[in-house]
Amino acid sequence: MDQALQLLFTGIGIGSVYALVALGFVLIFRATNVVNFAQGEFSMVAAFLMVVFAVDLALPYWLSFILALGGMALLGAIFNLGVYYPLRHRTFLPVIIATIGASILMANGMLAIYGPAPQVLEGWFETPGIQLGPVYLDSQYLLIIAVTLALVVFNYWFFEHTMIGKKLQATSQDKEMASLLGISVSAMIMITFIYSAVLGGLAGILVAPILFVSIQMGATIALKAFAATIIGGFGDVTGAIIGGVALGIIETFGAAYVSVPYKDAFAFMVLILFLVFRPQGIFGERVAEKA
Amino acid sequence: MSASENISTPAVARPTPSIVRHLPYFAAAAVAVFAAATMTFDGYVLNILMQATTFAVAVFGLTIVLGLCGQINLAQAAFFGFGAYVVGLGTTDYQMNFWICLVAGSLLALAAGALLGMSTLKLGGHYLAMVTISFQQIVTLIMINAIWLTKGPDGVSRIGRPSLLQSQQAFLAFCVAALAIIGYLVWHLPDTRLGRAMRAVRDNELAAGVVGIDVVRTKIAAFALSALLGGMGGGLFAGGFAYVSPDQFSFAESIVFLTMALLGGVASPIGAVIGTGLLILIPEWLRFLKSVPGLYLAIYGLSVILIIRFMPDGIWGFVTAGYDRLRPRQRIAIDAPPLQLSPATVGGDIVLDVSQLSKHFGGLKAVDEVDMTVKRGGVHALIGPNGSGKTTTLNVLSGLYNATAGKVMLDGTDVTTMAPHLRAAAGLGRTFQNIRLFRSMTALENVVIGAERPGNTLVGKGDAVALNQRAMSALNFVGLGPRANELISSFSYGHQRLIEIARALAANPTLLLLDEPAAGLNSSEKLELHELLKRIAAQGLTILIIDHDMTLVSEAAQHITVLNFGRRIADGESMAVLRHPDVVSAYLGTE
Amino acid sequence: MKLTRRDFAAGLAVGVAAPYVIGSAARAQGATIKIGMVLPVTGSAAEQGKFALNGAKLALETVNKAGGVLGKQLELVTEDDQTTNPGVVLAFSKLAAQSEIVAFLGSIRSTQVHAMAPDVLKLGKPMAIGGTDPNLTKMGNKWLFRFRPNDSYSGSVIADYGVNTLGKKKWAVLHSTDAFGTAGGKALTEGLSKLGVTPVIDQGYSNQSQDFTPVVLAIKQSGADVLGSYFTFENDLGIFARQLRQLGVTIPWVGSPSIVGVSSIRLAGATLHGTYGVADYAEDSSETAKAYGKAYRDAYKLAPDNQSAWTHDAINVLAKAINTAKSTDPEKMREAILAIRKYPGAEGEYNFDANGDGLHGYNIVKNEKGNIVFDKHIEAAQPT
C-alpha cells in the first residue's frame, strides 16, 4: 500500500510533465490541424536557456525564469514564421515533415552551440522534498503538479472568459467563419504558437532539475506527450491533461508490477489499444468529413 | 498486382508499360548491374552503395503508400527491421537458406503491415502517424529487450549470404538488379487497376468510395505493399552488411526513409532513388563540419524544412515539372462506339424505394422519416429550400452517412447498411455538388476508374482496351472526347461537371444521383446540361436530381419530391407538386 | 529576402558539389604514420567522445615530441561514429579504405566493437578497444587489443570488495539492459556466486528512463544490504541516485566505472557521496596515473577519467609497439603488442595476454564528498 502511494505520487508527477507538453500539442493542433513534432524540443531549448541565465550568467532564478520563457515566446514566433506559416495552405503531411526537420535542427543546433554535456539545474526550492507518512514528496514534483492544476484553471478562464481566448476558440473551430467575423486568423495562429512554445518551455524548465538538462530530453518527453494526447482525445485541453497524468500512472505501475525494461512499451501499448478501440480518446468526439 | 495487366493500353497520357518500349530502361539497368559487379570499389564505397541500394527498395514502399495512396507511414524502419532480423537470425541461429529467410522476412513485414493497416487505416491522417510511431517504438523496444530472440543491443553479426553471391560485391550486383526490377514494377503500378484505385483514394477519398473503390481495402493494400518492400529492403540490407542491430531500425531511421522519399519526390520511384542516394551521401559529405558536434545534423534538419518549403514535389518533381509543361500530350484517338447504357432491371418498376429514412446529427434531425419511391426510367427531382436536408438525403443514399433509421432498397436490394463502394457495385452512381474529381489524373483516367465499377457488365472482363473504349464513349457522350488526355485542372468548371457525369455514366449505373449539377453553370451550359439529361433518360437510365434551378427541374423531371426541415412536404407529378400550397409557401418563405 | 525555387535549387547544387572541391584541396599530405580513430562526435555519447579525443591527443603530443615513430610523426585521423552501431561500421569502413592507416582506436562501447569486429578481422590491422564485454577478445578475432580491464574482472572485483571488504551478503544487482549492462550484471552475479552469494534481487532497466521509483522500491523491499550497479548513461545514474536517497535507501553501493565518471559526479552531486566504484583509472593508483592526471588537467582544465586514459594509453602502446617491431606490418605490430609486459600506463600496468587483454585488475575508489579517493587495487586472481 505504501509502495502504491509512492508510485502514485511519482506517476502523477511525471504524468504532469507529459500533460504540460501535451497541452502544447493540443493547442497547436486545434489552431492549425497539424501535429507539431518539434514540441518536445521547446522543452529542451527552454531548459538550456534556463541554464544559460541561471547558471552561466548567475542571474536570479525568477529573472532567469522570465527571460527563458520570453525567449520561448520569441522561438514560438520564429517557429511559426519559419516552419508553419509558409506551408499553411498545404496538406498536413508536408507540415508534419517540416516540424520533424525543425526538431532535428533545434536538437542538433543546441548541441552545436552548447556542446553535448548534460547540465545541472537546481530546483525552485531549497528543500528537496518532504516525508509525508510513508510517502516521500519531491518538492519539484509537487511544484509540477501544482503548476499543472493551475494551468487547468487558467486555460479554462483564458479560453472561456477572455476576448482573446474566445477569438482563439473561434479560430480553431472555423477559420473561415472567424475571418468573416473580423478575427485575424494569422494573428491567432501566431498567438497559439507562442503560447505553445511557452507551455512546452515551462514543462522543460520544471522537469530539468529532475531529469537534468540534456539534448535528448525533449524527444523522450514528446513521444509520451503524444501518446497522452491521443489517450485524452486529440483537440481536447482537459483530455490532454488527464491523458498525460493517466499515462504517467500507467507507466509507473506497469514498471513496478510488470516489467521495468518494457516501461516505455506500456505507453505505446495503451496508445494502440486506444487507437483501435476508442480512437477519439477519452473525451474526443468523432468527426466525419462532410461531403 | 501485375504490371502486365495493362500492357496494351493505348492512349493514356502516362506512357504505357511495354517491355519492348522500355528496352532502354532494362539496358541501363543491365549496365548498372554489370558495373556494380565488375568495378573495383574500396570497402567504404561498397558500403555506401549497398546502403543506398537496399534503402531505396524500402523507400519504394513509401512511394507507394505516400506517393500513390497519400497515407503516412512512420514505421518503415520497423518493417525494414523485420526483414533484416528474419534474415539475420534465420541464417545464423537457425542455419536457414538465405532466400527462404528473405521471403519469410518480407512476408512477415507484409503481414504486420496489413494488420496494422486493418486496425487503423479507417482513421487516417494524424492517427495513422501516431499508430505507426507507436508500432515503431514497440518494435524497437522488443529488438533491444528480447535478448533471447534478437540478441538485444549487440545485434546479429556474421549474417549469411546466398552461396552464389558470397562476395559483398556480387551481392551488391544482385541488389542493384532487384532494385531495377522492383523499380520497374513500382513505376507501372499507377497504371494498374490497384494503382488507379490508390491514386483515386489519395486524390479524393469520398469520390473514390462512391465510384466503387473499396477505400479501406485499397489503403490496406498500399500499406501492406509498402511494408513488404520495407521488409525486402531490410532482408537485402542484412545480407549486404552481415550485421544488424536495433539502432539501425529506430524511429529516427523511419524519418530518414520518409525524408528520402520526399526529397527525391514521392510521385515516382526515380525520385525515391534520387532521394535515397542524396540522403546517404549528403551527411557523408558534410562530415567535414564534424569539428562542431551537431552542426551537420542541424544543417540536415534545416535542409528538410527548406526542401519542403521550396520543392514540394521533391527534386524529381522539380526537374520534371518544366519538362511536362513543354511536352505535348500524346493524343491517340480511340475508336469508341457511341455510349450504350443498359441499366440493370432486377427490381421491377421501382428503382429506388426509400422508407422512413432518418438521419440525426446529435439533436438535429437533418432527415426525418422521409419516404420516396423513384420509378424506373425517368427523371425524379428532389427539391427543397436551403438546409432542407436534400444533400444529407443524397449522402445517406450513397452511403457517406449511415442512416439513423429507415430503409433504402436499390433495384430490389437492401443497401441500407452498405459501404459506399458496395452501393456503387449494386448500381448506384452519383456526382457531387462541389465537384470531386481525381485531380492528378487526366479526364480519361477519371472516367476509366468509373468504368472499372465492380458489376459493370459492359466492359467484358475489364481489360484495358475495353475500359478505355468505354471511358472514351462516355467522354464522347458528354462532348469532351477530344480532350480526353488533358489533366483535370485544364478544364473549366462546367466541363469538370461533365467529366464527373461521364465518370458516373461509364460505370453503367442503375440509378444516377446528380447533386446540384446546374450549380455554377452559365445559361448556355445549363441548356447543354438539360440536353444531356434528356439523352441519358432516353437510354432508360433513371436519374434522381437535386437542384435549385426550377426551370431545369420543372422541364426535366416528371416527378418531384419536396423536402423542408428534413421532412417530406410534397410528392407527385411535377406540375402538381410545384403548385402545391405548402411548396409555394416553403419557397416564398425563404426568398 | 525573396528566395525562389530556382535559387534554392542552385544553392542545393552548389552545396552538394562543394565538399568535393574542398576535399580534393585538402588531400595533399606529407609522410606521417597514421592512426585511425572512430569516436562519437554526435549523438548521445558525444561528450565522452570529446574526452577520448583529449586523451589520445595528449599521448600523440608526447610521442611526437619524443621523436615520433620510426622517425616519422604520428598522425590521428578521426571519424564520427554518431554513437550508433551503423555509424561506427560506416566510419570504420571509411577509415579502413585509407591504406596508409596502420592501426585503429575503436570504441569504448562494446556493442560498437561487436558491430565493427567482422570488418576489423577482414582488414587485418590492429585495433585498440575500450569496450569491456569479456566476449570481445574471446571471439577469435586476433586484431582486437583491449586497453581497459574487462567486465569479468570488474564483476569479480565488485563482488570481492562488497563481500570481503564490506562484509555484505544480501546483494541487489542493478544493470542496464543494453549489451554493456547485461554483460556486467552477469559478470557480477557470477563473481558473487564464486563467493557463495546469490543476489536477492537482479533488476534490469532500459536506458534513458525518466524515473526509477519502481526500481528503488523493489530494491528497498528486497531487503538488500548492498547494491552493485552497471549504469551506461550518467543521466540515468544521476536520476537513480537522487531517487534512491530520497526514498531512504542508504545501503553501501559499489558501482561500475560510470559511478565515478566526471559527468556523474557533477550531475548527481551529494547523492553519490560515500559510494564506491570500480575504476580502471584512478589518479592516485600509481605514479604514471598521477602524472597523466596532472598533464590532462593542465591541458584541458578538466578532471581526467577513464574515457580519456584508455585512448592515451592506447596511442602510447601502439607507438611503442611500432617502434619495437620497427615496422608497421600488422603481424609484427601484433606480436610486439602481445609481448608487452609491465608497461606502466595511466590505466594501470599492461601485461597483454594471448587474448589481447592488457589489464586484469581494477581499482576501488570511494566518492568522499565529491572527491574520488583511491582505496585499493584488486588484481583478479586468474583471467576467467
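**Close-up views of a predicted model**

**View 1. Chain A meets chain C.** In this predicted model, 27 residues of chain A are in contact with 26 residues of chain C. Contact means that the C-beta atoms of two residues, placed from the backbone, lie within 7 Å. Helix 1 of chain A gives the most to the chain A side, with 5 residues. This side has 16 nonpolar, 8 polar and 3 charged residues. Nonpolar covers Ala, Val, Leu, Ile, Met, Phe, Trp, Tyr, Cys and Pro; charged covers Asp, Glu, Lys and Arg; the others, Gly among them, are polar.

Residues are numbered from 1 along each chain as its sequence is written, and chains are lettered from A in the order in which they are written. Local features need pLDDT of at least 70, side-chain atom pairs count only at pLDDT 80 or more, and totals for chains, interfaces and linings use all residues.

**View 2. Two helices of chain B pack together.** Helix 2 (residues 43–68) of chain B packs against helix 10 (residues 215–241) of chain B at about 175 degrees, with axes 8 Å apart. Helix 2 of chain B is therefore roughly antiparallel to helix 10 of chain B (an angle over 145 degrees). Their contact holds 18 nonpolar, 7 polar and no charged residues. Axes are lines fitted to C-alpha atoms over the stretch in contact, and angles run from 0 to 180 degrees between N-to-C directions. Helices are DSSP runs (H or I) of at least four residues, numbered from the N terminus.

**View 3. Around Val447(B).** Not counting residues up to four places away in sequence, Val447(B) touches Ala471(B), Ala474(B), Leu475(B), Ile499(B), Ala502(B), Arg503(B) and Ala506(B).

Key: Angles under 35 degrees count as roughly parallel, over 145 as roughly antiparallel, 65 to 115 as roughly perpendicular and the rest as oblique.
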